[in-house]
Amino acid sequence: MAKQSSKEIFSLGVWSDNPVFRQLIGICSALAVTNSLTNSLIMGLGLTFVTALSSFTISAIRQFTPKHIRMMVQVLIIAAYVIMVDIFLKAYLPEFSKTLGAYVGLIITNCIIMGRAEAFAQKNKPWPSFLDGVANGIGYSAVLLFIAFFRELMGFGTLFGFRILGDWWTSWTIMIMPPSAFFLLAIVIWISYNVQHKNEKSGVAKS
Amino acid sequence: MKKTFWYPIVFMSILTAIFTFVLAFMEVSTADKVAENQKYDLQTKILYVFDIPVSDTSVDGVNSLFTQKIEEDGDLFIYKDGDTVLGYAFPAAGPGLWGGIVAYVGISEDYSTLLGLTFITQSETPGLGGRIEDEEFLGQFRNLDVSQATAGSYIVYNPSPGGNVDAIAGATLTSKSVANFMNEDIHRFISERRGE
């Protein structure tokens, strides 16, 4: 793999190779937590932290890790960081710990973390791996927040728990139920695909 | 060397030991803080159940208000004004959708009115069943008259006949379970107390 600059790593992780709408991984949690902006934000921060640090650690010990047990090693490292996040939230941000509840533990199963560990951290130096983790975390969080914005606004009439739409607004119950996440995620994928392939299409048309 | 039989075992053991040590250290060093948070949380919630206004929300402020107004008797909290008992808060628990739910129910001294409700532990879906912790839902149990309720049906969701509380839209299982275990535990509490 050619060496990438930090700028390339970021533009790949956040946009052109975005984990959610390009690689289509981490979808389950993107569907689950996006009915509230606060949950999405904490989930995004938690995932960014875990992906960055686990990628860093996996990369740092990659030369000593026997290939055939690398998955076991990765899961161990990822799980350890997730538990750290959990302990930290419980001790210093008990309110957030309660809001997020079971989802903190579910970060372990997020495919993005292991996906990055396998696709990037195994083959790159620690620092670029760390950046790659941050970039993918941001890409993931951005999609979550985008979807959550519409779901929370239309489903509850609130943003981050603050009431935005007045009493005249009839909440769309479907927006807080799982199906709406499917619709919105599909729309996000559709729009981003078209934007990303706009240049290619116009190129084809001209020739 | 990496291909040998023992290398992966030793490698994995060392790595596990390091991470276990770090996690154990974090766990132990935050244990007091976590316990303090939980105590503060419980006290705030019990004060909420009895609708006691909290002016000083600091840890010490809540603690002194709590010890001044509330007496603990096992898992029962008794709200007292001097020597007069104003109400009780007792635990009610049952299964939720994802895990157990533990609630505290406040009831007036003559068992005729629910004073309030709070949830101590719940792991319902955030945004759906998790909204049982929202004031919109909890507020409905504030000073809810249950004197006319037949045994075991203190909480009835609208629009059923005799309904007195609105369930949470989209969280049918959580709502149902909450009503079920509350009805059971309120009934048990009242009949136990009356039997004494």
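In the predicted model, the largest nonpolar core comprises 52 residues, of which A:Val50, A:Val73, A:Ile77, B:Leu15 and B:Phe19 touch the most other members. A nonpolar core is here a set of buried Ala, Val, Leu, Ile, Met, Phe, Trp, Tyr and Cys residues joined through side-chain atoms within 4.5 Å; buried denotes under 20% relative accessible area, exposed over 50%, and partly exposed the range in between (1.4 Å probe, protein chains only). At least two residues of this core are supplied by each of α2 (27–32), α3 (37–60), α4 (70–92), α6 (103–106), α7 (111–121), α8 (126–156) and α10 (178–196) of chain A, together with α1 (6–49) of chain B. Helices (H or I, at least four residues) and strands (E, at least two) are DSSP runs, numbered from the N terminus. The most is given by α4(A), with 10 residues. Apart from this core lies another, of 32 residues, among them B:Ile101, B:Tyr111, B:Phe119 and B:Ala179.

Residues are numbered from 1 along each chain as its sequence is written, while chains are lettered from A and ligands numbered from 1 in the order in which they are written. Local features need pLDDT of at least 70 and side-chain atom pairs count only at pLDDT 80 or more, whereas totals for chains, interfaces and linings use all residues; side-chain values use heavy atoms, with hydrogens and water left out.

Contacts (heavy atoms within 4.5 Å) were examined for individual residues. Not counting residues up to four places away in sequence, A:Ile77 touches A:Ser54, A:Thr57, A:Ile58 and A:Ile61, as well as B:Leu15 and B:Phe19. A:Ser55, located in helix α3 of chain A, counts as buried at 1% relative accessibility. With the exclusion of residues up to four places away in sequence, A:Ser55 touches A:Val50, A:Arg116, A:Ala117, A:Ala121 and A:Ser129.

In α10(A), the buried residues are A:Ser180, A:Ala181, A:Leu184, A:Leu185, A:Val188, A:Ser192 and A:Gln196. These residues cover an arc of only 130° around the axis, which puts them on the same side of α10(A); the arc is that of the directions from the helix axis to the C-beta atoms. The face turned away from the buried side of α10(A) carries the exposed residues A:Phe182, A:Phe183 and A:Trp190.

In chain B, the buried residues of α4(B), including B:Val178, B:Phe181, B:Ile186 and B:Phe189, pack against β2 (76–81), β3 (84–95), β4, β5 and α3 (135–138).

Over all chains, 20 aromatic pairs are found. Rings of Phe, Tyr and Trp (its six-membered ring) pair if their centres lie within 6.5 Å; planes under 30 degrees apart count as stacked, over 60 as edge-to-face and the rest as tilted. A:Trp169 and A:Trp172 form a stacked pair, at 6.2 Å centre to centre and 10° between the planes; A:Trp172 is partly exposed, with a relative accessible area of 41%. B:Tyr111 and B:Phe189 form an edge-to-face pair, at 6.1 Å centre to centre and 80° between the planes. This pair links distant parts of the chain, 78 residues apart: B:Tyr111 lies in the loop between β4 (100–108) and β5 (113–121) of chain B, and B:Phe189 in helix α4 (residues 172–195) of chain B. B:Tyr111 is buried, with a relative accessible area of 13%, and B:Phe189 is buried at 9%. Together with B:Tyr88 and B:Phe90, B:Tyr111 and B:Phe189 form one aromatic cluster.
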